[in-house]
Amino acid sequence: MLIALEILWTVPALAIVISFFRGGRARHEYVNLLSAAAVFGASLTLLIIAPARPRVVAWGYIIISPFGNWVVFCAGTVYLLTSIYSIGYMRILNLTANQASRFYGLLEGFALSMLVAPCMNNPGLYWIVIDLTTIISAFLVGFEREAESIEASWKYLIIVSSGLSLSLLGIVLFYWGGTFHLGPVYSMTWAALHSVAGKVPPSLLLTSFLLVLIGFGTKAGLAPMHTWLPDAHSEGPAPVSAMLSGALLNTAVLGIVRFLHILDGTKASVPAHLAVVIIGVFSLLIAAMFIVRQQGIKRLMAYSSIEHIGIITIGFGFGGILGTAGAMYQMLNHSLNKSLMFFGAGNAMRSYKSKEIDKIRRVLSYYPVTGTLWLLGAIAITGAPPFGLFQSEVAILRAGITSTNSWSVWLIAVLLIVIFVSFMNHFRSMYFGLEPEANGLPTMQFSCWLEVPMWLSLTAILVLGLWWPSGLLHFFIEAGKSL
Amino acid sequence: MLTVPLGSLAESLFSFLMTAALVLSFVMVGSHWLRNHIIAFATESWVIAVLSASVAYYGHYQELYIIAVLTALFRGMLLPYLLLRLVNRLDIHREFRPLFRPASGMLTGALLIVVAFALSSSIGDKLKVSNSIALMALTAMFGLMLIGFLLMVVRSEAISHILGLLVIENGIFLGSQILIPGFAILLELVILFDLLIIVMTFGILVRYLKTHAGTTSSQELQKLVG
């Protein structure tokens, strides 16, 4: 098991070192691809062989838990898909060897930070790694060095850093609460905070939790702290958007969920769950409002990410076996599906040379294969059957009916329908709208690097929609006990 | 939390240092010259370093001496130096279009301190904390945090935003020394390192902003909406 963990971290670290050496563009591409394949293999192995109970190693600094492994697996999957897609996409941008070295080095660093964060047993160290993901990815967002992308990466850095400082304050207060019972010095771990939570006054627990929720919620893109997200996701190169959305958001949600778990069994638990559900529903509302009148294709996908993160948070907020299982299933489905959508959006943006939905027309006539994949992805992403997200969203709604927050279920259902209708309306106009103007006809041909990851993700979400393996459900139940 | 009984001299010293940190943050709210902000920030960091050393001395936390030295070096000298260099390179020396005038800014700051005090007293009541130093630390922590956010909200220059963020972090750092002096030393070291990376990253990005977007004022960064 430890070998899998070592491969998971050392391979991308080695790849970063290699990226510093001079070499052709192709070498950087393939080194990154190899690193991603190794990471995917290692994360899958870790998921399968790790014991059901969390295990602490390396003097208590690293925790190998089913939930952490799940988040790592989601990140590993997105990293692999993105690495395949990057080869095709970055070739269109015609990078020099130096630029390729910088891009792939940063991408590997970004992936590494997301693979490390879920395994941190010390909430403070987890916070620091999350902060590092922000710094690395800010450079990736601004990679194209256009005015908009630099503006987006600046906003991203400032908003997320100040949000994260609130969660640091929350962590300090959590630890302080513990010092009244465990003495001034005790090891700061998830387990220690959990064990002492019952003795800390509920009001302090709740204050700390709300600070953590706002802080990591900023990073996860929950409304109303989401304002950086549509900018960062729309201005970075498409592979970066896929990583930001598919992998990073889950990693930040992990922090919220672990702190929520710490409160379980205390008097602060019920209001904390309520706060999580409220913030999730509000994210859904904001996403729905902005999806209806959206004009930018990647911003459309970004608001859909806010919607999905809202649903995942709501799932954990509902809690119980079904809520937790649904939310975890939603994490993987979101990772796969959102990667597919950003890949499609990247292809469309490059071939139509525009980010605007109005300029993208008759996709199916020009691109029958990728067009079909993208359209199916769009049906899937709105939660329609027979795809994975349908399964996970239904599970979460079912969990909601029996939870203490059942009031929100009908509201969520209405918002999901609004999102479905408006999302499909945008795709209707892109697929069946009037012809584009003559000078804007797309002529670009897609290489297999741009199509293969789309096939892979669509197949996976279709399989996950048609068949929810019983082993996976069992795994979610076990993981739910030790978040 | 500091559990050793403190003499009246120590208590006065701690209160004085925390008050000084708060007052210095008002210098930042009240002035529109970036150089003044940076000097106030540097002084505030030195005050916090002295506080670390005092906590180390009176509370017998030897590790905090190292933290005190590092705080003085990193926050008190290196970060202000990097920021000053940035101000000189960009040739932007003051806030041109502040949202608030100095007087209104300071009044708002004072109100925020009152809010911070009310919040900490209520937490203190709930936890039955009678230790006045702990309450003072909570007030200073929340107060600096709110003032940091105020700086970020009412200022539009990119460097003011960085400084606002640093004030917030200073607040957390200050509070955590009193409330949880036994907080893993490793963590504080890493946070210092993290701050350094953040400031360098900000430095690079601000220069990109100037080159590619032509401005470093958030009031002119209006391209991305909706």
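E29(A) and R25(A) both belong to helix 2 (residues 25-49) of chain A, where they are 4 residues apart, about one turn of the helix; helices (H or I, at least four residues) and strands (E, at least two) are DSSP runs numbered from the N terminus. The model is predicted, so that local features need pLDDT of at least 70 and side-chain atom pairs count only at pLDDT 80 or more, whereas totals for chains, interfaces and linings use all residues. Residues are numbered from 1 along each chain as its sequence is written, chains are lettered from A and ligands numbered from 1 in the order in which they are written, and side-chain values use heavy atoms, with hydrogens and water left out.

The side chains of E29(A) and R25(A) form a salt bridge with an N to O distance of 3.8 Å; the term denotes a side-chain nitrogen of Lys or Arg within 4 Å of a carboxyl oxygen of Asp or Glu. E29(A) is buried, at a relative accessible area of 2%, while R25(A) is partly exposed at 27%. Here buried means under 20% relative accessible area, exposed means over 50%, and partly exposed lies in between (1.4 Å probe, protein chains only). A second salt bridge is found between K355(A) and E235(A), at 2.8 Å from N to O. This pair links distant parts of the chain, 120 residues apart: K355(A) lies in the loop between helix 13 (320-352) and helix 14 (363-366) of chain A, and E235(A) lies in helix 9 of chain A. K355(A) is partly exposed, with 32% relative accessibility, whereas E235(A) is buried at 9%. K359(A) and E356(A) also meet in a salt bridge, at 3.9 Å from N to O, and both partners are partly exposed, K359(A) at 44% and E356(A) at 40%. Shared partners join the salt bridges of R25(A), E29(A) and R91(A) into one network. Over all chains, the count is 9 salt bridges.

Between chain A and chain B, by contrast, the count is 0 salt bridges. The contact (heavy atoms within 4.5 Å) involves 46 residues from chain A and 47 residues from chain B. The size of an interface is often given as the accessible area lost when the parts come together. For chain A and chain B the buried area is about 4,400 Å², with carbon and sulfur atoms giving 80%; this is the accessible area (1.4 Å probe) that the two parts lose on being put together, summed over both. On the side of chain A, E151(A), W154(A) and W176(A) lose the most area to chain B, together 18% of what that side buries. One residue pair, both at pLDDT 80 or more, is in polar contact across the two chains. A polar contact is a pair of N or O atoms within 3.5 Å; within protein, one must be able to donate a hydrogen and the other to accept it, and residues adjacent in sequence count only if both atoms are side-chain atoms. Two or more residues each are given to the side of chain A that touches chain B by helix 5 (123-141), helix 6 (147-182), helix 8 (202-220), helix 9 (228-235) and helix 12 (297-318) of chain A. Helix 6 of chain A gives the largest share of that side, 22 residues.

S283(A) is located in helix 11 (residues 269-292) of chain A and is buried, with a relative accessible area of 0%. The S283(A) side chain reaches the backbone oxygen of I279(A) at 2.8 Å and the backbone nitrogen of A223(A) at 3.0 Å. When residues up to four places away in sequence are not counted, S283(A) touches L222(A), A223(A), I306(A) and G310(A).

Positive phi values occur at W59(A), near 55°, and at K353(A), about 50°. W59(A) is in the loop between strand 1 (55-57) and strand 2 (62-64) of chain A and is exposed at 82% relative accessibility. K353(A), in the loop between helix 13 and helix 14 of chain A, is exposed at 68%.
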